[in-house]
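Let's walk through this model together, moving from strands to sheets and then to side chains. Please have the sequence at hand as you read.

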Amino acid sequence: MKKIVFLLAISIALHSCNREDLQGESARIEMNQKDPLTARQINEKINQSIKTNGAFNWSNESDHFIWSAVFRGNMMVSIGFGDSKDDFDRSKSPNNEAIESEILSVIKKYEEKDERNFLLLSDPYLNQMDVVIEKEETITALRKMKTIRYLEPADYHYFEFEAQYNTAAKSSGSGSSGCGFSSSTLNTADYTSTTPGAKIPWAFTKHNIPDAWNYSTGTGVTIGLIDTGVSPEQTLLGGSFNNGASSGRTISKFGVYNSDGSADQCGHGTKMASVMAAPRNNVGLPVGVAYNANLIAYRAAENVVLETSGEQTAVKTAFTELGNNANVKIISMSMGHIFSVGKIEDGVKYAYSKGKLIFCAGGTSTSFTNFVGVIFPASMPETQAITGVKENTSNQKCNVCHSGSQIDFTFQMERASGNTVPVLSYYNGQADYVGGSSVATAATAGIAALVWSKNPSWTREQVLNKMRQAATYYPNVNSSYGYGNINVLKAVQ
């Protein structure tokens, strides 16, 4: 899905990016500054780094490479600062104001403009800011400072550019948006029925979730979902969230992306909310794993590819707000990027420092990005990376799922028939299917809620250890599939 790029009203015109235009801007950009690399050159370097090293990080690149990507990305720059690489939390950073002031002074000096003309955002909880930078020499000066943890392009549209140059990317829709509003008639082989009239997805039975409900249904646990929002048309994730055997719980919805509310405009977030916490009732639709858990859903992106500055900032905001919410124990996000994003990394670390148990999707994609292993932020040590596997296996990934050494758990979500997991549709009274590492992640977050509900005094690490002990490969770890599938009955006994 093509993103809408909101161009900033900055002092140089961002039209075409050729040598003639740069020469026309010589009054503002130093004459000895080389032309920026093309987007094709930048993407080729990113792809080569991932293929060769398994990862790409802006910090390993030259000032000119960074500036070129900034030039191609609306001149927006994300800066993380602090006295050390782990100095991300403003409340624990006594020097944050002085450091930030020094950085702004350097930008003011080299850009030759007032702060109000280049400072876009200063995060209230993190040592992070977004600024507009035009000159390569400014980037060079900043990267020499010991108090700079990272300096990255804040709005470089990797997937959009890849679609322009890469035939495979064009045919795959530039990385797969994960969106869809379809409804499906469920195959009777893909569910069983339970009282008072709900459908249990086949995948739940494979993990002994229905038997686990005799011990725990998620009561008292709040899950935070960071995704594309929740459908306002699906009443079972709205006014009828308390329904049937699901009662005494709450659902809250927030919108932190694009200033247009919490409503899902993609369809992905609705399905994730469903597999986690859809109610168990008598309307004949799929139930969620933790059908008595509370849910707080954040709309933080247009789709599952976290490409734009607006999306990356919104995801960061969602992580910090959920981190600051004392009621939240678990955070699930089935979105990501193929390389790390500093501001999101800060948000994840912040939430983790508050004791949250964080689950992230290991990656779902078409052939275009099948060279990528575990995506970001599932690749971070602070998160639990989840991927989807085929039915009756723990080491055969689904056809579009990623795997790798950073995977922690797996979830069976693809049948021999090709059918995936039944969930609520975007539309009221209807059902659909959803697959990939996305549904595997949301389901595993629901499993964690069952374990934590059974043991409310436990810490994050105790919950994780119990999940590991109930998984296929424990006490060992599979090289590409972590601990494997979780026997949820064993995890709650």
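**A hairpin to begin with**

Strand S14 (residues 421-424) and strand S15 form an antiparallel pair over 4 bridges. Strands count as paired if DSSP finds at least two bridges between them, and the numbering of elements runs from the N terminus over DSSP runs, with helices (H or I) of at least four residues and strands (E) of at least two. This is a predicted model, in which local features need pLDDT of at least 70 and side-chain atom pairs count only at pLDDT 80 or more, while totals for chains, interfaces and linings use all residues. Residues are numbered from 1 along each chain as its sequence is written, and side-chain values use heavy atoms, with hydrogens and water left out.

Between the two strands lie 6 residues, and Gly429 takes a positive phi near 75°. Which way do the side chains of S15 (residues 431-434) point? Ala431 and Tyr433 point one way, Asp432 and Val434 the other, and all are buried; buried means under 20% relative accessible area, exposed over 50%, and partly exposed in between, with a 1.4 Å probe and protein chains only.

In the loop between strand S13 (407-414) and S14 you will find Arg415. Arg415 is buried, with a relative accessible area of 17%. Its side chain joins that of Asp190 through a polar contact of 3.0 Å. Such a contact is a pair of N or O atoms within 3.5 Å; within protein, one must be able to donate a hydrogen and the other to accept it, and residues adjacent in sequence count only if both atoms are side-chain atoms. Leaving aside neighbours within four places in sequence, Arg415 is in contact (heavy atoms within 4.5 Å) with Ala189, Asp190, Trp202 and Glu391.

Now turn to a sheet. Strands of a sheet pair through backbone hydrogen bonds, either parallel or antiparallel. Here, 4 strands make an open sheet in the order S2-S3-S1-S4, with antiparallel pairing. Strand S2 (119-122) and strand S4 (148-153) stand at the edges with a single partner strand each, so one side of each has no neighbour in the sheet. On average, neighbouring strands of this sheet are turned by 15° against each other, direction ignored. Strand S1 (residues 76-81) and strand S3 (residues 128-132) pair in the antiparallel sense over 5 bridges, with Val77 standing opposite Val131 in S3.

Two helices pack on this sheet. Helix H3 (residues 63-71) touches S1 and S4, and its direction makes about 50° with that of S4. Helix H11 (residues 309-324) touches S1, S2 and S3, and its direction makes about 165° with that of S3. The axes behind these angles are lines fitted to C-alpha atoms, for helices over the stretch in contact, and angles run from 0 to 180 degrees between N-to-C directions. Of the 9 residues of H3, 8 are buried, so the helix is largely enclosed by the rest of the structure. Among the buried residues of H3 are His64, Phe65 and Trp67.

Phe65 leads us to the aromatic rings. Ring pairs link Phe56, Trp58, Phe65, Tyr156, Tyr158, Phe159, Phe161 and Phe339 into a cluster. The structure holds 18 aromatic pairs. Rings of Phe, Tyr and Trp (its six-membered ring) pair if their centres lie within 6.5 Å; planes under 30 degrees apart count as stacked, over 60 as edge-to-face and the rest as tilted. The ring centres of Tyr158 and Phe339 are 6.0 Å apart and their planes stand at 90°, so this pair is edge-to-face.

By contrast, how are Phe254 and Tyr298 arranged? Their ring centres lie 5.2 Å apart with planes at 25°, so the pair is stacked. Phe254 is partly exposed, with a relative accessible area of 38%, whereas Tyr298 is buried at 5%.
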